[in-house]
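Welcome! Please take a moment with the sequence and the 3D view below, and then let us walk through them together.

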Amino acid sequence: MTTSREQVAPCYDYLVPKVIAPGKFITFEGLDGCGKTTQIERLATVLRGGGIEVLTAREPGGTEIGERIRAVLLDSRTAGLDPWAEMALMFASRAQQTAQVIGPALKSGKWVLCDRFTDSTEAYQGGGRLLGSEPVLELHRVLCHGLWPDLTILMDSDVSHSVQKARRRNRIASLTEAPDENRFERESRAFFTRVHEAYLKIAEREPQRVVVIDARPPAEAVHPEIVRAVRERLMAENVSARTQSQLSPKGV
């Protein structure tokens, strides 16, 4: 027997809460002047082109409170700051941004690309200031609740070239109304050598998270290597085919 109206089973999908997959957290590390900002912008463009919602962030800073802390930390007029106080301020900015920006973004499914995170503190304060890794990692555990990046891009560069580039950039910025952020660039070559060595030790200790990218070639040559690392480390089966295409070598 047939009827004029087909019987349709009721749909209760609206009663089932949608589960949002957490986003991915990618950090960029390296000496000032190695090209992190440029590469973050390029990767963000590729990811957005593949349909991924992306948030970019920087440290120290990223929030109203964090930017005030950044001004104290990076201003060359900040004199006599104790190394332990310097590290505490770095973590104060980081804890605020983790709670206010990074954490919520990841929970909502966004991918976060951050210019520096705790590896910077381990390299600059732990290595450069000779405070060691242990207090850095303990503060991270307490203040950042154990949040670690899914992937860290360590842009490896020559110490002298990176420092000269950063100093030149900041000198140009000082001719404008840009804030003075020259404090670290005034450190010695020995300081930056220790920072560089600390970064390499982190990469050796955590190869599952940290990918070392040679930042010495032109930016156009470095970009595909970063995209390839992201594709190989983070692209899962549930990522759209469109995104996979965007992140393939031919899509670079």
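Among contacts in this predicted model between residues at least 6 apart in sequence, 77% join residues at least 24 apart. The chain has 9 helices and 5 strands, and from the N terminus on these elements follow the order β-α-β-α-α-β-α-α-β-α-α-β-α-α. Of the 252 residues in the chain, 45% are buried.

Now to the empty space. Rolling a probe the size of a water molecule over the atoms shows where such space is left. The largest pocket holds about 820 Å³ of space and has a lining of 35 residues. Nearest to the centre of this pocket lie Asp32, Arg70, Asp115, Arg169 and Glu181. Among the elements that give two or more residues to the lining are strand S2 (54-58) and helices H1 (36-49), H2 (64-74) and H3 (83-107). Helix H4 (118-128) and helix H6 (159-174) also belong to that group.

Here is the lining by class:

| Class in the lining of the largest pocket | Count |
|---|---|
| Nonpolar | 10 residues |
| Polar | 11 residues |

Finally, have a look at Glu206, in the loop between helix H7 (189-205) and strand S5 (210-214). Is Glu206 buried or exposed? Glu206 counts as buried because its relative accessibility is 14%, and the cut-off for buried is under 20%. The side chain of Glu206 also makes a polar contact, at 3.0 Å, with the side chain of Arg205.

Terms used: Residues numbered from 1 in each chain as written. Predicted model: local features only at pLDDT ≥ 70, side-chain atom pairs only at ≥ 80, totals over all residues. Heavy atoms only, no water. 1 Å grid on protein atoms, 1.4 Å probe; cavity = no way out; pocket = protein on both sides within 12 Å on 5 of 7 lines; lining within 4 Å. Points joined across faces, edges and corners; volume = space filled by probe spheres on them. Helix = DSSP H or I, 4+ residues; strand = E, 2+ residues; numbered from the N terminus. Nonpolar A, V, L, I, M, F, W, Y, C, P; charged D, E, K, R; others polar. Buried < 20%, exposed > 50% of the residue type's maximum accessible area, 1.4 Å probe, protein only. Polar contact = N/O pair within 3.5 Å; in protein donor to acceptor, adjacent residues only side chain to side chain. Contact = heavy atoms within 4.5 Å.
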